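Let's walk through this one together, from the whole chain down to single side chains. Have the viewer open and follow along.

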Amino acid sequence: MAKMWTGRTSGETDRIADDFNSSISFDCRMYRQDITGSMAHAAMLGQTGIITGAEADELIDGLQGILDDLDEGTLSFDPSCEDIHMFVEQVLTERLGDVGRKLHTARSRNDQVALDLRMYLRDEAAKLTELLRELEEVLLKTAQNNMKAVMPGYTHLQRAQPILFSHHIMAYSMMLLRDMDRIADASARMNVSPIGSCAFAGTTYHTDRRFEAERLGFDDICRNSIDGVSDRDFCVELMSALSILMMHLSRLSEEIVLWTSWEFRFVELSDKYTTGSSIMPQKKNSDMAELIRGKTGRVYGDLMALLTTLKGLPLAYNKDMQEDKEAVFDAVDTVEMCLRVMIPMIDTMRVLPENMRRAANEGFINATDLADYLVKKGMPFRTAYKISGSIVAECIARGCVLDTYPLEDYKKHSELIGEDIYDEINIEHCVETRISAGGTSSVSVLEQIDWVRGRLGSR
């Protein structure tokens, strides 16, 4: 089949070179954006008089027919075509003849692919944002339904202070809000139209770039035609936001892996999101969480692959930039898949508050509250810290905890300590008295839940 760019060369490339050069196997997913963009371009050509209004209408009708046929499955992609742009133009020309050949007036594949990719990623970013919203709703529901579950909070993976499980969950809710903000920021900078930049120098035709941009829902046009075809910052920025999102999903997945182990037993996943062992019949493995954790490295790799591809490219367009699509498509697909698994996995997760409370009774996580008790009695904090540490050391030696340490022994360390010490170091009391904004008291956590709901409602 003759190539549409035949002229300067014969177009007779080697079969291996054809396969190496072809991108239709992966850029065909942008067919809807490519055809929609071409319809807007045809309308602009007609509106400016570059072609007649009748020709523009014929092109738009022909393109709509191709779109309908692809949607319905009555037209298949031709793998011998170089890319989705050539495929659509070839089919259009076969159906319309010379009128079809007029579509590519005042544009290049360089600005066409930049347009398609921006439109495609704009749509995918909106889809990912909706999935993030669903995950946020699940986290909020999980937090709301477990307001009485007390667990040990950790630093250095050592039991540190008592917190509400809901407080811990809300930390991830805050992360996801930032992820949504980052995707929104990336989408805003993405929503600038490159069409009309042509190969890179613009065109001699009196086009109306803003007409096309507005018709396709863009906020503005690229102000420099060289930048319009060579910019892939919008891909890098979205992939960067997705990498951070995957880091958050990976951290949550790591905690789920820990929490579902027999050493913790804080939560239990539904059988639908676990697997068994081929040899050990007792196993219930958190494989979905582990896969999300593992796929994070894949998204990081996609980002680094594109950054490395772009770092040495001179302006304007280079064929290297064809490598942008597989990387960004893979990143988007991977994140979408992880979110679609994470949402129901968390939603069906069973929280085990008794096990959390049992763990909270150990590890002296109320030692800071003992120190704070002495400070409130007038003792300098550093002195109170040292005394509390000494008492913990004695408890460890005796095999007891602060709650069962005798009052007379407490008094040996300080006469400031009275019978009210046991109320002060009660685990639930320790949680509820952390009243600072953003803290772990139930009042504070409920405020956090309400705040996040307000943020989601304002979007």
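**From overall shape to details**

Of the 459 residues in the protein chain, 52% count as buried, meaning under 20% relative accessible area, with exposed set at over 50% and partly exposed in between (1.4 Å probe, protein chains only). Keep in mind that this is a predicted model, where local features need pLDDT of at least 70, side-chain atom pairs count only at pLDDT 80 or more, and totals for chains, interfaces and linings use all residues. Residues are numbered from 1 along each chain as its sequence is written, and side-chain values use heavy atoms, with hydrogens and water left out.

Zooming out, the protein chain has 20 helices and six strands, taken as DSSP runs (H or I, at least four residues, for helices; E, at least two, for strands) and numbered from the N terminus. The chain is more spread out than a compact globule, because its radius of gyration is 30 Å, well over the 23 Å from the globule rule for 459 residues. That radius is taken over C-alpha atoms, and the rule is 2.2 Å times the number of residues to the power 0.38. Along the principal axes, the C-alpha trace spans about 100 × 55 × 40 Å.

V150 has L164 in β2 as its bridge partner, while P152 stands opposite P162 in β2. Two residues lie between the strands, and H156 in this hairpin takes a positive phi near 55°.

What about the cysteines? A disulfide is a covalent bond between the sulfur atoms of two cysteines. Here the criterion is a pair of cysteine sulfur atoms within 2.5 Å, and the count comes to zero. C235 is in no disulfide, as the nearest cysteine sulfur, that of C222, is 12 Å away. For C430, the closest cysteine sulfur is in C395, 14 Å off and so too far for a bond. C235 counts as buried because its relative accessibility is 0%, and C430 is buried with a relative accessible area of 0%.

Finally, look at the surface: F200, I226 and L315 form a nonpolar patch with about 290 Å² of accessible area together. L315 sits in the loop between α12 (287-310) and α13 (323-347), and this leucine is exposed, with a relative accessible area of 66%.

Technical notes. Two strands pair if DSSP finds at least two bridges between them. Patches are made of residues with over 30% relative accessible area and no salt bridge: like charges are joined within 9 Å, nonpolar side chains (Val, Leu, Ile, Met, Phe, Trp, Tyr) within 5 Å. Accessible areas come from the Shrake-Rupley method with a 1.4 Å probe; for residues, only the protein chains shown count as cover. A salt bridge is a side-chain nitrogen of Lys or Arg within 4 Å of a carboxyl oxygen of Asp or Glu.
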